[in-house]
Amino acid sequence: MPIENRPLREQVKEELLRRLGSGTIATSETINEVQLATELGVSRTPLREALITLEREGVITSERGRGFRFTPLSAQEFRDLTAIVATLEALALQSSSPEHLAEIAPRLLEEAHAFAVPQAPHEVIERYDDAWHDLLLSGCANDRLMKLITSLKVTMHRYERVALGDQDVLERSAAEHERIALCLRDGDLDAAVAALKENWNSGMDRILERFTD
């Protein structure tokens, strides 16, 4: 695992999520902390810190005397998460000033166009989507709301990675982002909020097509 200038627990957490998304770690197996720490080249302290953080975020569970294991994927959980995040992002967007939204609309539209480029590594697509939504909601001053959204998205990424690599999914997502940006450019906040919710709901439907409980 490459060492970066960030807290080690955050790097370990991201690596665990990457392994989960790629299928390297099975959700049915208990996490072997000693073996995993050796594989990652870290001590058990940052590994355990990462595991505890992921447990708080609902990605893993722990049982007394049996250690940690990843929470199995559930179509119902993904539906619930999507409904919550869509509602919270809509609230954050509605909380933003019209002046700020008008200012960032051209950039949102430009970056939405760029998202339609055919090839990109999975990690890049995920980071792009997070960055685009971060910019969209950058005018929200409710820090607690934004932290809650960020935390919930960590769990959602487990499901979103199922759909990555499907170019049809990426193209439709880009078009939905463009629609949100155009509504903001035209000063129609209600339409932008509706388009944002539709973006989340259609994304959920596309992923659930490839997912079984």
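Two strands are taken to pair if DSSP finds at least two bridges between them, and helices (H or I, at least four residues) and strands (E, at least two) are DSSP runs, numbered from the N terminus. In the predicted model described here, local features need pLDDT of at least 70 and side-chain atom pairs count only at pLDDT 80 or more, whereas totals for chains, interfaces and linings use all residues. Residues are numbered from 1 along each chain as its sequence is written, and side-chain values use heavy atoms, with hydrogens and water left out.

The secondary structure of the protein consists of nine helices and two strands, which follow one another along the sequence in the pattern α-α-α-β-β-α-α-α-α-α-α. Of the 213 residues, 44% count as buried, that is, under 20% relative accessible area, with exposed meaning over 50% and partly exposed in between (1.4 Å probe, protein chains only). Among contacts (heavy atoms within 4.5 Å) between residues at least 6 apart in sequence, 73% join residues at least 24 apart.

The two strands, strand 1 (residues 60-63) and strand 2 (residues 67-70), pair in the antiparallel sense over four bridges. E63 stands opposite G67 in strand 2, and three residues lie between the strands of this hairpin, in which G65 adopts a positive phi near 80°.

Helix packing was described with axes that are lines fitted to C-alpha atoms, for helices over the stretch in contact, and with angles that run from 0 to 180 degrees between N-to-C directions. Angles under 35 degrees count as roughly parallel, over 145 as roughly antiparallel, 65 to 115 as roughly perpendicular and the rest as oblique. A crossing is left-handed if the near helix is turned anticlockwise from the far one by less than a right angle, and right-handed if clockwise.

Helix 2 (residues 33-40) packs against helix 3 (residues 44-56) at an angle of about 110°, with the axes 9 Å apart, which makes helix 2 roughly perpendicular to helix 3. The crossing of this pair is right-handed, and its contact is made by E33, V34, L36, A37 and L40 of helix 2 together with R44, L47, R48 and L51 of helix 3. These residues divide into six nonpolar, no polar and three charged, where Ala, Val, Leu, Ile, Met, Phe, Trp, Tyr, Cys and Pro count as nonpolar, Asp, Glu, Lys and Arg as charged, and the others, Gly among them, as polar.

Helix 4 (residues 75-94) and helix 7 (residues 143-160) have axes that come within 10 Å and cross at roughly 150°; the two helices are therefore roughly antiparallel to each other, and their crossing is left-handed. Residues of helix 4 in this contact include F78, L81, T82 and V85, and those of helix 7 include L145, I149, L152 and M156. By class, the contact has 14 nonpolar, two polar and four charged residues.

The axes of helix 4 and helix 9 (residues 189-208) likewise come within 10 Å, crossing at roughly 165°, which makes helix 4 roughly antiparallel to helix 9. Here the crossing is right-handed, and residues including F78, T82, V85 and A86 in helix 4 meet a set in helix 9 that includes L196, W200, N201 and M204. The contact divides into 14 nonpolar, three polar and three charged residues.

T82, which lies in helix 4, counts as buried because its relative accessibility is 1%. Leaving aside residues up to four places away in sequence, T82 touches M156, W200, N201 and M204.
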